[in-house]
Amino acid sequence: MNLQKAELIVSAPDRASWPDSELPEVVLAGRSNVGKSSFINAITGRKKLAYVGNTPGKTRLLNFFNLDDRYMLVDVPGYGYANASKAQLMKFGAMMEDYFALRKQKKGLVILLDARHLPSEDDFAMLEYARYYQIAICIVATKMDKVKPSRRMHQIKQLRASLALAKEEPLIPFSALNKEGVEEVWKVLIPMWES
Ligand SMILES: Nc1nc2c(ncn2[C@@H]2O[C@H](COP(=O)(O)OP(=O)(O)OP(=O)(O)O)[C@@H](O)[C@H]2O)c(=O)[nH]1
Ligand SMILES: [Mg+2]
């Protein structure tokens, strides 16, 4: 996908700051450090649109990215980082509750998982949110470049099974490093945004 425009419009701490826009939204969630920001940069073909770091938990706000004035991508703070305080956890929960319960233009949820690890409790909780609110789900298995080719099939099967994914729920092997899966992601996300 050749985007003319990919722009961070707002980093929102709460619902009062959500952009006043009617663009359809797809939300990106995943554990801290799983590669959400790298994923955004890879699929938009921009090097520094989203902040990539080695300090897990840097993204604290909902970041709204406008793509070509057609689609909105919403980056969610990474959950599950080791030194999150109780207050931060509460705030995160409330922010996501608000978003899923109130945001009318939400169209889909992409959960990013590290291809090398089984899903965490928080990943399952996110999946539950999406099922409860009946929004489309896509799983992206990141850092695929770190999985030995001989383990690929096994890891993918194991992830699908542990999440009890339905046949029509896609799981896309992805690597921001070598750009594996970028085309595949667009093929899944465009119909979500346009649904
Ligand atoms: N090998 C490899 N490393 C990756 C990949 N994607 C991300 N990384 C690395 O993983 C680290 C975290 O990446 P980020 O994109 O910042 O992760 P994030 O999920 O946005 O992290 P937070 O916003 O802090 O929750 C960085 O050091 C990235 O360079 C990938 O596909 N392959
Ligand atoms: Mg990030």
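Before looking up partners I needed a term: two strands pair if DSSP finds at least two bridges between them. I also noted that the model is predicted.

**Entry 1: the chain as a whole.** I listed the secondary structure and found 5 helices and 7 strands. Reading along the sequence, I wrote down the pattern β-β-α-β-β-α-β-α-β-α-β-α. I looked up the extent of the C-alpha trace, and along its principal axes the chain spans about 50 × 40 × 35 Å. A compact globule of 195 residues would have a radius of gyration near 16 Å, and the chain has 16 Å, so the two agree. I also checked burial over the 195 residues, and 34% count as buried. Among contacts with a separation of 6 or more, 73% come from residues 24 or more positions apart.

**Entry 2: the sheet.** In what order do the 7 strands of the open sheet stand? I wrote it out as β1-β3-β4-β2-β5-β6-β7, with mixed pairing. β1 (6-12) and β7 (171-173) are at the edges, and each has a single partner strand, so one side of each has no neighbour in the sheet. From one strand to the next the twist averages 25°. For background I noted that strands of a sheet pair through backbone hydrogen bonds, either parallel or antiparallel.

**Entry 3: strand β4.** I turned to β4, residues 71-75, and asked how many of its residues are buried. The count is 5 of 5, and I put the strand down as mostly covered. Y71, L73 and D75 point one way, M72 and V74 point the other way, and all are buried.

**Entry 4: the neighbours of β4.** I checked β3 (residues 62-67) and found that it pairs with β4 in the antiparallel sense over 5 bridges. One pair I looked up there is N66 with its bridge partner M72. The hairpin of β3 and β4 has 3 residues between the strands, and in it D68 takes a positive phi near 55°. I then checked β2 (residues 25-30), which runs parallel to β4 and is joined to it by 4 bridges. Which residue of β4 is the bridge partner of L28? I found D75. For V27, the partner in β4 is V74.

**Entry 5: strand β2.** I counted burial here too: 6 of the 6 residues of β2 are buried, so the strand is largely enclosed by the rest of the structure. On one side I listed E25, V27 and A29, and on the other V26, L28 and G30; both faces are covered. β2 also pairs with β5 (residues 106-114), in the parallel sense and over 6 bridges. In β5, K106 is the bridge partner of E25, and G108 stands opposite V26.

**Entry 6: a helix over the sheet.** Last, I looked up helix α1, residues 36-44. Helix α1 lies across β1, β2, β3, β4, β5 and β6 (136-142), and its direction is at about 160° to β4.

Key
Residues are numbered from 1 along each chain as its sequence is written. Chains are lettered from A and ligands numbered from 1 in the order in which they are written. This is a predicted model: local features need pLDDT of at least 70, side-chain atom pairs count only at pLDDT 80 or more; totals for chains, interfaces and linings use all residues. A residue is buried if 20 or more other C-beta atoms lie within 10 Å of its own, exposed if 12 or fewer, and partly exposed in between; C-beta atoms are placed from the backbone. Helices (H or I, at least four residues) and strands (E, at least two) are DSSP runs, numbered from the N terminus. Axes are lines fitted to C-alpha atoms, for helices over the stretch in contact, and angles run from 0 to 180 degrees between N-to-C directions. Two residues are in contact if their C-beta atoms, placed from the backbone, lie within 7 Å. The radius of gyration is taken over C-alpha atoms; the globule rule is 2.2 Å times the number of residues to the power 0.38.
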